[in-house]
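Here is a colleague's note on this model. Please read it with the coordinates open.

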Amino acid sequence: MTTKLNYKNYETLSDYWKDAQGKVPLAMMYGIQQFQKKNNLDFQTAYQILLEKKVIIEIN
């Protein structure tokens with residue numbers, strides 16, 4: 001059984017990637033990183049915005 005990753009448990013994108021590797025596409029990480037840089041956001045805020053806009057879709 002796979003444990004669901006909760007982005008709220010991670011301070012940075014690299015911390016999230018350490019646990020998400022092999023579970024989420026690398027392209028997703030790059031997209032979040034670029035969105036963070038463009039909008040000067042921390043990881044949790046960027047992830048939440050992308051989740052709300054349905055750019056990121058979590059599958060249970």
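The points below run from the overall fold to single pairs.

1. Basis. This is a predicted model: local features need pLDDT of at least 70, side-chain atom pairs count only at pLDDT 80 or more, and totals for chains, interfaces and linings use all residues. Residues are numbered from 1 along each chain as its sequence is written, and side-chain values use heavy atoms, with hydrogens and water left out.

2. Fold. The protein chain has three helices and zero strands. Its pattern along the sequence is α-α-α. Helices (H or I, at least four residues) and strands (E, at least two) are DSSP runs, numbered from the N terminus.

3. Dimensions. Along the principal axes, the C-alpha atoms fill a box of roughly 35 × 20 × 20 Å.

4. Surface and contacts. The protein chain exposes about 4600 Å², and carbon and sulfur atoms supply 52% of it. Areas come from the Shrake-Rupley method with a 1.4 Å probe; for residues, only the protein chains shown count as cover. Of the 60 residues, 27% count as buried. Buried means under 20% relative accessible area, exposed over 50%, partly exposed in between (1.4 Å probe, protein chains only). Among contacts (heavy atoms within 4.5 Å) with a separation of 6 or more, 38% join residues 24 or more positions apart.

5. Core. The largest nonpolar core has 15 residues. H3 gives the most, with four residues. Tyr16, Met28, Met29, Ile32, Phe43 and Tyr47 have the most contacts inside this core. A nonpolar core is a set of buried Ala, Val, Leu, Ile, Met, Phe, Trp, Tyr and Cys residues joined through side-chain atoms within 4.5 Å.

6. Tyr47. Which residues does Tyr47 touch, leaving aside its neighbours within four places in sequence? They are Tyr7, Tyr16, Met28, Ile32, Ile56 and Glu58.

7. Aromatics. The whole structure holds five aromatic pairs. In one of them, Tyr10 and Tyr16 sit edge-to-face, 5.3 Å centre to centre, with 90° between the planes. Both Tyr10 and Tyr16 are buried. One aromatic cluster takes in Tyr7, Tyr10, Tyr16, Phe43 and Tyr47. Rings of Phe, Tyr and Trp (its six-membered ring) pair if their centres lie within 6.5 Å; planes under 30 degrees apart count as stacked, over 60 as edge-to-face and the rest as tilted.

8. Salt bridges. How many does a search of the whole structure find? There are two. A salt bridge is a side-chain nitrogen of Lys or Arg within 4 Å of a carboxyl oxygen of Asp or Glu.

9. Glu58 and Lys4. Their side chains meet in a salt bridge at 3.7 Å, N to O. This pair links distant parts of the chain, 54 residues apart: Glu58 follows helix H3 (43-52), and Lys4 precedes helix H1 (13-20). Glu58 is partly exposed, at 30% relative accessible area.

10. Asp15 and Lys18. This salt bridge spans 3.8 Å, N to O. Because Asp15 and Lys18 are three residues apart in helix H1, about one helical turn separates them. Asp15 is partly exposed, at 30%, whereas Lys18 counts as exposed, at 60% relative accessibility.

11. Ala27. This residue lies in helix H2. Ala27 counts as exposed because its relative accessibility is 60%. Ala27 and Val55 are 28 residues apart in sequence and 12 Å apart in space, C-alpha to C-alpha.
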